[in-house]
Amino acid sequence: TGSACTNDNDKLEIISMPTQVQQSSFIVLLKILTTILTTKNQSEKEIKMKLKDSFLAMERLVSLIAYFTILLDLDNNHNHLKSQSLPSKEDIQSTYAILCQLVSLATAACKNSEQNKVAFVRVLRNQYSTLTTFIPNYYENLKGKSTIGLISFTLFMIFKYYDSRNNNIEKSHDAADNDNKRKEKAMLLSLMKQYCELITVLCRFDDFRSSPPDAATAAQTDSSYGGVSSAHDHVLEFHRHGVAQTLYNITLLSLHLDHNNNTEGDDDYDDSFGLAAAVLSATRVMAINDEIVQGLVAVGVLKCVKLALDMGLSHDDDDDENKKGDGLEKMLDKSSINTDNTGSDDDDNHDMCNNNNDNSTTTVQSKDTKNNNSTESKIKSQKKQLTAAVIGLIRNLCGNDEIKTTLCLGSAPATNNESTSGSLPSALPSILKAMHEYKNNATIQEHGCGSLAAMALRKPSNAARIVHDNGASAILTAMKLFPNNVLVQRQGALAIRNIVSRLVANTSSFESERITT
């Protein structure tokens with residue numbers, strides 16, 4: 001994939017850009033590896049996990065991530081490249097694609113495998129001497145640290161680079177130049193999304209196998225962790241590297257992409273939902289203790305909650321998932337449509353046979369309709385993921401008593417002595433609206449019930465507000481719709497317990513509590 005030359009001090013001097021053939025071949029190989037390690041259904045999970053346990057290339061993977069990050073030249077310094085000329089636009093686009101695939105491969109290799117997560121994170125700490133040829137000067141502060149430092153710093157650099165490019169580059173009269181800029185922006189957004197998904201995987205325990213991986217395989221990598229989850233330590237290390245501020249900046253970026261003169265079908269518009277869902281999921285797994293939660297609030301994450309919920313719930317009237325359960329109404333609607341059609345099937349076939357031009361036009365329109373439907377389906381799916389991510393974040397933020405009251409009841413306008421301006425609206429109506437509109441989504445129902453359970457805990461005023469806004473009905477509906485889903489049932493039962501116990505035990509204290517109606 002190229003080469004690097006070093007001086008006597010083992011510092012990076014120059015590296016070469018891979019050829020187009022090498023780049024194309026590498027992308028194909030990475031896609032194959034990612035597909036091999038990605039579990040698509042339960043039937044293939046066992047064999048996929050065995051393949052993951054045999055994946056021993058973490059050092060090479062981290063080396064390549066660092067190598068292609070340098071080739072992106074996010075610091076706008078081309079001194080490390082062998083070629084005297086700047087890399088071509090095709091080289092830059094290929095580098096983006098390769099780096100996206102590398103991070104995607106890392107995510108696939110680490111998901112559901114505690115052994116691989118630990119091995120991936122420890123590469124820089126334990127094998128730094130073998131990676132010096134890939135580490136430029138601005139990465140030298142990572143010596144002796146884990147791969148988490150590399151991820152945090154790279155994500156910060158990608159956002160910073162996107163922000164500078166987005167603010168400083170004016171639209172050109174050259175259509176080809178504008179197209180290249182659009183592609184670069186799309187790749188940067190995709191790259192940020194991939195890094196956020198990797199952070200989510202590294203900071204969440206998801207290896208529930210009853211038996212550990214083969215001891216002989218595990219011995220070949222530095223991946224021992226005493227049989228417990230490494231997620232907590234990974235979160236703390238990401239927090240020490242200041243990733244919270246970067247995640248907040250990316251959240252703001254993703255939530256405002258579709259407001260900057262974009263329309264549906266534009267890449268920025270389409271990517272905004274997926275990126276928002278990914279970064280909010282990463283933020284959610286970070287919110288594991290009160291210190292981190294307060295840190296997230298300090299950088300402004302509460303300001304994003306309402307905006308993200310509205311973004312996930314903004315859809316046309318015919319996108320309401322409640323209609324999925326209205327089978328009779330759908331049948332009646334279809335029946336009325338067929339009745340209104342005065343022509344028979346035979347007449348339609350006769351007309352199609354005798355109108356080739358119309359048939360051609362219909363075919364083109366059909367293809368356009370399929371493309372539009374595909375785009376709309378993708379956006380709907382991403383909006384659903386975004387809604388689940390933001391309600392999951394709210395659920396974790398509600399671990400703090402003061403913050404959960406703000407989320408449930410809203411906050412009053414700030415005074416002159418306070419650092420924040422304006423007021424924060426209650427997130428409760430949007431949570432209940434999401435539970436109503438996405439009734440068939442178990443994850444949203446679980447997080448919704450979990451958020452209501454956390455809000456009601458130790459807070460009679462919050463419990464009263466939830467009941468006042470028909471939250472009890474939403475909880476019971478979720479439990480009825482998913483009678484065999486343990487997670488929904490557990491969170492629903494906790495919500496009922498917390499609401500009932502606070503209201504029964506504190507009926508005389510409501511007057512002293514602030515209840516916003």
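This is a predicted model: local features need pLDDT of at least 70, side-chain atom pairs count only at pLDDT 80 or more; totals for chains, interfaces and linings use all residues.

Reply: Residues are numbered from 1 along each chain as its sequence is written, and side-chain values use heavy atoms, with hydrogens and water left out.

Me: How many salt bridges does a search of the whole structure find?
Reply: Side chains of opposite charge can pair when their charged atoms come close. A salt bridge here is a side-chain nitrogen of Lys or Arg within 4 Å of a carboxyl oxygen of Asp or Glu. Searching the whole structure gives eight.

Me: How many residues apart in sequence are the parts that Lys117 and Asp206 tie together?
Reply: The two side chains form a salt bridge, N to O at 2.7 Å. Lys117 sits in helix α5 (residues 114–121), while Asp206 is in the loop between α8 (175–202) and α9 (215–219). Helices are DSSP runs of H or I with at least four residues, strands are runs of E with at least two, and both are numbered from the N terminus. The pair therefore joins parts separated in sequence by 89 residues.

Me: Are Lys117 and Asp206 buried or exposed?
Reply: Buried means under 20% relative accessible area, exposed means over 50%, and partly exposed lies in between (1.4 Å probe, protein chains only). Lys117 and Asp206 fall in one class: buried.

Me: Which residues are linked with Asp53 in a network of salt bridges?
Reply: Asp207 forms a salt bridge with Arg209, the closest N and O atoms being 2.9 Å apart. Asp207 has a relative accessible area of 10%, so Asp207 is buried. Arg209 has 27%, so Arg209 is partly exposed. The network links Asp53 with Asp207 and Arg209.

Me: Which residue does Asp401 meet in a salt bridge?
Reply: Asp401 belongs to helix α18 (residues 401–409), and its partner is 57 residues away, in the loop between α20 (442–456) and α21 (460–468). Asp401 is partly exposed, because its relative accessible area is 27%. The N to O distance is 2.9 Å, and the partner is Arg458.

Me: Which residue caps the N-terminal end of α18?
Reply: Helix α18 is mostly covered, with seven of its nine residues buried. Gly410 follows α18, with a positive phi near 85°. At the N-terminal end, a side-chain oxygen lies 3.0 Å from the backbone nitrogen of Glu402, and the cap is Asn400.

Me: How much space lies in the largest pocket?
Reply: A pocket is an open set of points on a 1 Å grid over the protein atoms alone, where a 1.4 Å probe fits, with protein on both sides within 12 Å along at least five of seven lines; lining residues have an atom within 4 Å of a point. This pocket has 39 lining residues, and Lys111, Thr200, Arg204, Ser281 and Arg284 lie nearest its centre. Its volume, the space filled by probe spheres set on the points, is about 1300 Å³.

Me: Which backbone nitrogen does the side chain of Ser451 reach?
Reply: Ser451 is in helix α20. With 0% relative accessibility, Ser451 counts as buried. Beyond neighbours within four places in sequence, its contacts (heavy atoms within 4.5 Å) include Ile391, Cys398 and Ile431. At 3.4 Å, its side chain reaches the backbone nitrogen of Arg395.

Key. A polar contact is a pair of N or O atoms within 3.5 Å; within protein, one must be able to donate a hydrogen and the other to accept it, and residues adjacent in sequence count only if both atoms are side-chain atoms.
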